[in-house]
Amino acid sequence: MTINHWIDGHLVTDEPARTAPVTNPATGAETDRVALASTEDVDRAVASAATAYDTWRHSPLTRRQGIMFALRDLVDRRRHDLAKVITAEHGKTIDDALGEVQRGLEVIEFACNIAHLLKGDYSEQVSTGVDTWSIRQPLGVVAGITPFNFPIMVPCWMHPMAIATGNTFVLKPSEKDPSVSLLMAELYAEAGLPEGVFNVVHGDKVAVDRLLEHPDVEAVSFVGSTPIARYIHTTASTNGKRVQALGGAKNHMVVLPDADMELAADAAVSAGYGSAGERCMAISVVVAVGDAADRLIPLVEERIATLRVGAGDADGSEMGPLITAEHRDRVAGYVDAGETAGATVVADGRNLVVEGHEGGFFVGPTLLDHVTPGMSVYTDEIFGPVLSVVRTDSYQAAIDLVNANPYGNGTAVFTSDGGASRLFQQQISVGMVGINLPIPVPLSFYSFGGWKNSAFGSHGIYGPEGVHFYTKQKVLISRWPDPMHRGVDLGFPASADD
Ligand code: NAD
């Protein structure tokens, strides 16, 4: 059966006019077809969300919290089912999928505290007999457009925050791994969420463009590649919507000669090859200062030799396949280009064949040394298991290199020197920074967001900034009539006594 939309609390059963293939990346076999929404399908989802908004926005905070608590419980209990669905369509290992479920769950847990998070400010006696306070109110129907690489976690960065703050939501997940969003819709329904508050429309540019122009969509959250993030930000802003659009990345890990090299090698391998490098916070470039490369590279090689690459659901697999055959070829092409440009291929995953999974989209862990900033393997986001080593003579040159890069999602420094780490913290132009820790993804009570071409818009995603993104502030000032204060006064009300 076609993977279909979820609108108004139900799975749509109409046969879609257009569909796209969904594959199991470990075998290369097409396992399903997914519906590609028409503009009419999107309009139906938005209309359902708009109708639901009228009552949902007035529902008591305690009820919204109660639903988030119930959802939290269901996601916790069903985490293995969710992980299996992710692995079948994305390819990542079950352990990695479970990690993603956990990080999504943490945002739901944060949203369980929404009554506290939505408390306003109050100032008594700002002028004689005058009090002022602020409240935060929901926006209306909001949309989320999400990438393939975290099919549950990234939508969870958005919808629990949006829904708990009183909005209704239309999710357009990646068409490459769409099924887990439907399982999430079922869990919301089981948790007691009213029909129409959470909708899922599958699709491509047609669905996205309709969401960007629909007059009843008040805000758009996007996570995906930089060119599309830029397009979403420009188009949705032009159409008068509030928008946050997170883009791609090229994350550097700076290793100083005084670093604990065993720790740095563990970190480089974990962050470079975890999820086959298909993470926006993956480490893609190791910037080795002084003689650090000569000591680090053999340790990384040792670790690569023991990595088990295989189907995500196979026992012992540590790294799965890439998402599509086209993407596998693109990643391999970058390694070819790096080699031609003069990089040294220290470990080569291009010709990896996984026994029993010959049709799978695998590339093995690949390590390139002597990469220089002009090479495409350095300039472009590869989004695969390819780690490049760039060598610099000085720490300042390493910092300058990171700062000159157009992306600014995550970065890390490995050192034993507190002063060096403090310098990094101060000088680096990147939104999320790790110190002796390679993937600095903020927990749910902070907010996530890169700098430069890794994020467009003024708000971070989830956490306190998520509350602000999905609500607008209203400030009230009141004075109850006092017989002592009568008479017209055309002066601007500035005096503390008025
Ligand atoms: P993508 O940009 O191709 O797709 C993201 C979403 O946009 C999908 O829902 C897709 O259907 C839609 N889309 C694709 N092309 C479109 C078009 N021309 N017009 C309108 N909509 C379009 O990204 P992807 O390949 O699914 O995901 C990988 C990318 O996402 C990487 O660049 C990665 O760095 C980035 N990412 C960033 C973060 C972050 O937090 N900054 C997190 C996860 C992934």
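Q: Okay, so helices (H or I, at least four residues) and strands (E, at least two) are DSSP runs, numbered from the N terminus. With that in mind, where does G356 lie?
A: G356 lies in the loop between β14 (344–347) and β15. Keep in mind as we go that this is a predicted model.

Q: Is G356 buried or exposed?
A: Exposed: its relative accessible area is 59%, and exposed means over 50%.

Q: And how far is G356 from G310?
A: Their C-alpha atoms are separated by 9.5 Å, although the two residues are 46 places apart along the chain.

Q: Zooming out, what domains is the chain divided into?
A: There are domain 1 (2–247 + 454–476) and domain 2 (251–435). Notice that domain 1 is made of two stretches of the chain.

Q: How far apart are the domain centres, and how many residues are in contact?
A: The C-alpha centres of domain 1 and domain 2 lie 31 Å apart. As for contacts, 19 residues of domain 1 meet 24 residues of domain 2.

Q: What about pockets? How much space is in the largest one?
A: The largest pocket holds about 840 Å³ of space. It is lined by 34 residues, and F148, K176, G224, S225 and I228 are the closest to its centre. The elements giving two or more residues to that lining are α8 (205–213), β10 (217–223), α9 (226–238) and α12 (325–340).

Q: Why does the largest pocket lie between the domains?
A: Because domain 1 and domain 2 both give residues to its lining.

Q: What kinds of residues line the largest pocket?
A: By class, 15 are nonpolar, 10 are polar and nine are charged.

Q: Now cavities. How many of 30 Å³ or more are there?
A: A search of the whole structure turns up four. The largest cavity has a volume of about 120 Å³. It is lined by 15 residues, with G277, R279, A282, S284 and F383 closest to its centre.

Q: And what classes of residue line that largest cavity?
A: Seven nonpolar, five polar and three charged residues.

Q: You mentioned F383. Where is it, and is it buried or exposed?
A: F383 sits in the loop between α13 and β16 (386–392). Its relative accessible area is 16%, so it is buried, as buried means under 20%.

Q: What is its phi?
A: The phi of F383 is positive, about 60°, although it is not a glycine. For background, most residues other than glycine have a negative phi.

Q: What is the phi of H370?
A: Near 55°, which is a positive value in a residue other than glycine. H370 is in the loop between β15 (366–369) and α13 (376–379). With a relative accessible area of 39%, H370 is partly exposed.

Q: Where is N149 in the chain, and is it buried or exposed?
A: N149 is in the loop between β7 (141–145) and α6. It counts as buried, because its relative accessibility is 4%. Its C-alpha atom is 20 Å from that of V285, which is 136 residues away along the chain.

Q: Since α6 came up, how many of its residues are buried?
A: 12 of the 12, so α6 is largely enclosed by the rest of the structure. Among them are M153, W157, H159 and A164.

Q: How far does α6 reach?
A: From its first C-alpha to its last, α6 reaches 17 Å, close to the 16 Å expected at 1.5 Å a residue. Just after α6, G166 takes a positive phi of about 105°.

Q: How does the span of α4 (residues 94–111) compare with what it should be?
A: It agrees: at 1.5 Å a residue, its 18 residues should span 26 Å, and the end C-alpha atoms are 26 Å apart.

Q: Last one: which residues of α4 are buried, and what do they pack against?
A: The buried residues include D96, L98, E100, V101, L105, I108 and F110. The buried residues of α4 pack against α2 (61–77), α3 (79–90), α5 (114–117), α6 (153–164), α7 (179–191) and α16 (463–469).

Definitions and conventions
Residues numbered from 1 in each chain as written. Predicted model: local features only at pLDDT ≥ 70, side-chain atom pairs only at ≥ 80, totals over all residues. Heavy atoms only, no water. Expected span 1.5 Å × (residues − 1). Buried < 20%, exposed > 50% of the residue type's maximum accessible area, 1.4 Å probe, protein only. Contact = heavy atoms within 4.5 Å. 1 Å grid on protein atoms, 1.4 Å probe; cavity = no way out; pocket = protein on both sides within 12 Å on 5 of 7 lines; lining within 4 Å. Points joined across faces, edges and corners; volume = space filled by probe spheres on them. Nonpolar A, V, L, I, M, F, W, Y, C, P; charged D, E, K, R; others polar. Domains from an automatic or database assignment.
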